[in-house]
Structure formats: structure tokens, C-alpha cells
Amino acid sequence: MKTVSTFQRLKDSGEKIAMLTAYDYSTAQVLDKAEIDAILVGDSLAMVVLGHENTYNITIDEMLIFIKAVARGAKNSFIIGDMPFMSYNLSVAQGLENAGKMIKAGANAVKLEGCNEHIITLVKRCTETGIPVLGHLGFTPQLMNTLGGHKIQGKTSDKIEAILDSAKKLQEAGCFGIVLELMPADSAQYITENLKIPTIGIGAGVNCSGQIVVIDDILGKFTDFTPKFVKKYTNLHDEILNGVLSYKNEVKNMVTQPRRKNKTGVKVKKSFTFQ
Ligand code: KIV
């Protein structure tokens with residue numbers, strides 16, 4: 001059984017932490033079988049599952065549907081629910097209530113983006129209440145408009161120190177780990193080495209304590225765009241397309257059989273066979 005202490009143990013022992021996103025029951029079953037270290041039900045599902053242009057439009061109620069599906073499929077995995085935009089930004093009470101809904105839906109922890117006084121207080125309150133929190137720094141998609149788009153973060157020493165400062169505050173507040181998104185590998189390494197808790201990189205090089213990616217990206221299922229740092233392990237889009245085309249072709253070539261007679265020679269009225 002994986003718990004928050006599993007991730008600390010993995011960092012301390014030098015073993016890398018392998019996390020992936022999942023959004024549905026059958027994919028969660030596969031990840032469970034593969035004993036992946038943690039499953040994130042990411043708000044990226046707004047894009048790769050629901051077809052939105054960004055992650056802004058997904059609501060807490062929609063996220064809960066996917067968390068429940070993943071929890072039904074992944075009986076032994078550590079599941080992290082991603083708090084969507086504006087589900088924790090209004091007040092600590094709002095954030096705590098919505099984090100609680102994710103836990104009740106089957107998540108073992110929640111993830112929050114950014115770091116300011118409000119987030120620090122919320123992380124403390126969640127942790128005290130029994131809701132483990134994974135932080136998220138560097139490029140934070142929910143702050144895309146203020147960050148000025150998909151930009152690599154932490155490129156100068158000032159910026160790296162600012163991210164490290166935020167990371168230390170999140171660590172102090174009780175986060176069990178921090179996602180570092182889109183930053184140079186050296187910056188992520190420096191931050192990782194100066195924290196006690198593990199870092200989980202996405203587009204942040206190999207020097208983090210672990211890695212996370214969007215499953216639809218690495219399996220080649222989502223094809224609208226693929227981030228540069230993503231390695232594709234298979235091409236599910238083409239495999240599904242080929243399967244669908246074969247099925248379609250087979251159906252189009254089916255020949256209707258003459259109606260069968262039963263043993264008595266009387267025509268069978270309402271029967272059909274499906275082959
Ligand atoms: O929403 C998401 O999938 C994420 C990433 C860290 C993978 O936040």
C-alpha cells in the first residue's frame with residue numbers, strides 16, 4: 001500500500017518516482033497492474049478527454065466523476081486529485097471543502113498550483129485536516145495568462161531562487177512533494193537538492209526525484225499537439241484508427257445471408273443471427 005511516506009522513502013533511497021495521469025476506469029486498472037507509484041487525475045483531462053483548449057473550464061464536479069472512475073479501477077494505487085482553476089482560489093474554506101470532496105471521491109491526496117499566502121494557509125489547513133497536498137511550481141497552466149503563455153520558467157538565478165523559496169514554503173506548510181514543470185534540468189536539480197521532500201518533474205529534465213507525464217501524450221493518443229519534452233512509447237491514435245478502419249471495412253463487406261429454414265421446413269419469422 002502506497003502512502004505519502006512512500007515518496008519520501010523513494011527520494012531518500014535514490015529510487016526515481018514514476019507517476020502518470022489517468023482519467024478513466026480501464027486505464028486506471030492498467031496503471032494499477034503496472035504498480036505505477038502514483039496516479040494523478042490531472043485537470044489536463046479538460047483538454048485530452050473533454051477537448052477544451054486549456055484547463056480553465058473544468059469544474060470540481062466534473063473532476064469528481066473522473067476521480068471516482070479512477071478509484072474504481074485502481075484499487076492499490078495512490079491517487080492524487082488535481083484541484084481545478086477557481087476551486088481553491090476564493091477562500092481557504094472553499095479550497096478545504098473541495099479538497100475534502102476529492103478525498104471522499106477516492107483520492108488519497110490533492111494537487112494545487114502556485115504559492116502565495118493563501119496557498120500556504122490552505123496547504124497547512126489541508127495537511128492538518130488529513131488531506132496530503134502535492135505542490136506545483138515552475139510553469140503552472142492555471143496561471144498561464146499571467147505567465148504570458150507556455151514559457152520555460154527558472155532560467156535565471158533570480159528566478160531559480162524565487163522558485164526554491166516558494167518550494168521551501170510549500171515544504172514547510174506540509175506538502176509531501178512538488179511538481180516542477182517546464183524548467184531547465186539544472187534548475188530542477190538545484191531545487192531538488194535543496195529540498196527534503198521529493199520533486200516530480202514534467203519537462204524539467206532527469207534530475208528530479210521522479211517524473212510525471214500526461215498518459216495520452218506518451219501513448220500517442222492525444223494528437224492536437226505534443227509538448228517537445230514528451231517521449232512517445234506507442235502510437236495509440238494510429239492503432240485505434242487502424243482497428244476502427246478494419247472493423248468498418250469488415251462491416252461494409254458483410255453479405256446478407258438468405259433467411260434460414262428450420263428443420264420442419266417452415267420459414268423462421270422473427271429470428272436473426274449475428275456473426
Ligand atoms: O493536469 C495535469 O495533468 C498536470 C501535470 C503535472 C501532468 O498537472
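How many of the contacts in the protein chain with a separation of 6 or more come from residues 24 or more positions apart? They account for 59% of those contacts. Keep that in mind while going through the views below, which show a predicted model.

**Figure 1. The whole chain, before we zoom in.**
The protein chain has eleven helices and eight strands. Its C-alpha atoms fill a box of roughly 85 × 40 × 35 Å, taken along the principal axes. Of the 275 residues, 45% are buried. The chain's accessible surface comes to about 15,200 Å², and carbon and sulfur atoms own 54% of that.

S44 has a polar side-chain atom 2.5 Å from an oxygen atom of the ligand. For D43, an N or O atom of the side chain lies 2.9 Å from a ligand oxygen. With K111, the corresponding distance to an oxygen atom of the ligand is 3.1 Å. On its own the ligand would expose 260 Å², but the protein buries 96% of that.

Are the two buried or exposed? Both D82 and K111 are buried.

The side chains of D37 and K2 come together at 4.0 Å, N to O. D37 lies in the loop between α2 (25–33) and β2 (38–41), while K2 is in the segment before α1 (4–13), so the pair ties together parts that are 35 residues apart in sequence. D37 has 12% relative accessibility, which is under the 20% cut-off, so D37 counts as buried.

**Figure 2. Close-up of K169 and D165, a salt bridge within one helix.**
K169 and D165 form a salt bridge whose closest N and O atoms are 3.2 Å apart. Why are they about one helical turn from each other? Because they are four residues apart in helix α8 (residues 157–173). K169 is partly exposed, at 43% relative accessibility, and D165 is partly exposed too, at 40%.

In soluble globular proteins, nonpolar side chains tend to be buried together. The largest nonpolar core in this model has 60 residues, and M102, L180 and I191 have the most contacts inside it. Helix α4 (residues 60–73) supplies the largest share of this core, seven residues. Apart from it lies another core, of 15 residues, including L10, M19, L40 and I80.

**Figure 3. Close-up of L180 and its contacts.**
Which residues does L180 touch, leaving aside those up to four places away in sequence? The list includes L137, I163, A188, I191 and T192. T199, I200, G201, I202, A204 and C208 are on it as well.

Terms used
Residues numbered from 1 in each chain as written. Predicted model: local features only at pLDDT ≥ 70, side-chain atom pairs only at ≥ 80, totals over all residues. Heavy atoms only, no water. Helix = DSSP H or I, 4+ residues; strand = E, 2+ residues; numbered from the N terminus. Buried < 20%, exposed > 50% of the residue type's maximum accessible area, 1.4 Å probe, protein only. Core = buried A, V, L, I, M, F, W, Y, C linked by side-chain atoms within 4.5 Å. Contact = heavy atoms within 4.5 Å. Polar contact = N/O pair within 3.5 Å; in protein donor to acceptor, adjacent residues only side chain to side chain. Areas by Shrake-Rupley, 256 points an atom, 1.4 Å probe, with all protein chains shown as cover.
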